[in-house]
Amino acid sequence: MTKTLKIWGRISSINVKKVVWAAQELGLAFKRIDAGRAFGNTSTADYLGHNPNGAIPLIDDGGFMLWESNVIVRYLCAKHNAANLYPQDLQARFNAERWMDWQQAHLNPAGREAFVQWFRTPVEQRDTALIAKSVAQTEPYLAMLDQQLAKTEFMAGDHFTMADIPIACEIHRWWGLPQPRPPYPHIERWYARMQARPAAHGILDLPLS
């Protein structure tokens, strides 16, 4: 009997959103357990024994414990949908991997501070200089992303893959900030397609918090 996938993490987390969306794309039965921030649960000895970072998300797939959001997305897609979301051709696969790593290493760090200031910092403590710095760091990456999506329908080519999931979650967060942004027509076209995916419901339509 197959055990239900367990996902630890609050759905307000961008990294938990990635994993839940991937599970929904794959049609997997799963149970999500609130953890992190106000929910706690991540500093217990048991949790730290499985994820020494004390971070979310963490999954339990029949006794196999795995952490790091983009790695979890890769794992689930490879295990359950190898010919679709997880490209079999080596170059196509690593093209998708490249964009996933770019999200984690470049786009996310650039935009994080603006999000933290707008949504996680009391108004009286908000630092507009930090927001401006984050915007200045993020906009070149968004321009780069827009140029990529001018050439391809999806992040890694002509069909939806695992690469689209983390970047769409990042755009969901950036688009939700109460600040102006330049037009990015190709990102906007692609992101509208992401929002229209049934498996993205409950993810890309959530308000930020």
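Hi everyone, let's start with a pairing: strand E1 (residues 5-8) and E3 pair in the antiparallel sense over three bridges. Pairing here requires at least two bridges found by DSSP; strands (E, at least two residues) and helices (H or I, at least four) are DSSP runs numbered from the N terminus. Trp 8 has Leu 58 in E3 as its bridge partner.

A word on the model: it is predicted, with local features needing pLDDT of at least 70 and side-chain atom pairs pLDDT 80 or more, while totals for chains, interfaces and linings use all residues. Residues are numbered from 1 along each chain as its sequence is written, and side-chain values use heavy atoms, leaving out hydrogens and water.

Back to the sheet. It is open, with four strands in the order E2-E1-E3-E4 and mixed pairing. Its edge strands, E2 (30-33) and E4, each pair on one side only.

E3 (residues 58-61) and E4 (residues 64-67) are antiparallel over four bridges, and Ile 59 stands opposite Leu 66. Two residues separate the strands of this hairpin, where Gly 62 takes a positive phi near 65°.

Now the helices. H4 (residues 90-119) has a kink of about 45° at Asn 108, shortly before Pro 109; that bend is the angle between axes fitted to the seven residues ending there and the seven starting there.

H4 packs with H5 (residues 128-151) at about 145°, the axes 8 Å apart. Those axes are lines fitted to C-alpha atoms over the stretch in contact, with angles from 0 to 180 degrees between N-to-C directions, and contact means heavy atoms within 4.5 Å.
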